[in-house]
Amino acid sequence: MATSKDGRSASSSGNEQKSQPAKRGFAAMDQNQQRQIASKGGQAAHQKGTAHEFDSEEARRAGQKGGEVVSRNRAHMADIGRKGGESRQSANRAAAAAKNGNRQGGKGE
């Protein structure tokens, strides 16, 4: 077995998984702890007067702007439509199979 520069042994097969670095700091905390800290930041911003709150009209305009940008990518929109059709088709097939007692082919009774 060969040894790399950092002293770790490397397998010669080439399908070795790269290990992720250990999480530290904020990322190492559990989700509840992260939420508590983030909440304190939000509260401080509101007290300071620098927090921004979307009203419904502003949120609508932002969503519309994002939708316009995404819809310019024709290939992306075609993929979305194709996935929707596939999803609907498979859902219809599953419903029909359940209705017909999971029989393959043939007409329902």
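What share of the 109 residues in the chain is buried? I looked that up before anything else, keeping in mind that this is a predicted model. Buried residues come to 0% of the chain. The cut-off for buried is under 20% relative accessible area.

**Salt bridges.** My search of the whole structure turned up three.

I went to helix α2 (residues 56-71), where Glu 57 and Arg 60 sit three residues apart, about one helical turn. Their side chains meet in a salt bridge at 2.8 Å, N to O. Glu 57 also bridges to Arg 61, with 3.7 Å between the closest N and O atoms. That pair is four residues apart in α2, again about one helical turn.

Next I checked helix α3, where Asp 79 and Arg 82 lie three residues apart, about one turn. Their salt bridge is 2.8 Å, N to O. Asp 79 counts as partly exposed at 36%, and Arg 82 is partly exposed at 46%. Back to shared partners: Glu 57, Arg 60 and Arg 61 are joined into one network.

**Nonpolar patch.** I found Val 70, Met 77 and Ile 80 making a surface patch of about 230 Å². I placed Ile 80 in helix α3 (residues 74-99), and its 43% relative accessibility makes it partly exposed.

Definitions and conventions
Residues are numbered from 1 along each chain as its sequence is written. This is a predicted model: local features need pLDDT of at least 70, side-chain atom pairs count only at pLDDT 80 or more; totals for chains, interfaces and linings use all residues. Side-chain values use heavy atoms; hydrogens and water are left out. Patches are made of residues with over 30% relative accessible area and no salt bridge: like charges are joined within 9 Å, nonpolar side chains (Val, Leu, Ile, Met, Phe, Trp, Tyr) within 5 Å. Accessible areas come from the Shrake-Rupley method with a 1.4 Å probe; for residues, only the protein chains shown count as cover. A salt bridge is a side-chain nitrogen of Lys or Arg within 4 Å of a carboxyl oxygen of Asp or Glu. Helices (H or I, at least four residues) and strands (E, at least two) are DSSP runs, numbered from the N terminus. Buried means under 20% relative accessible area, exposed over 50%, partly exposed in between (1.4 Å probe, protein chains only).
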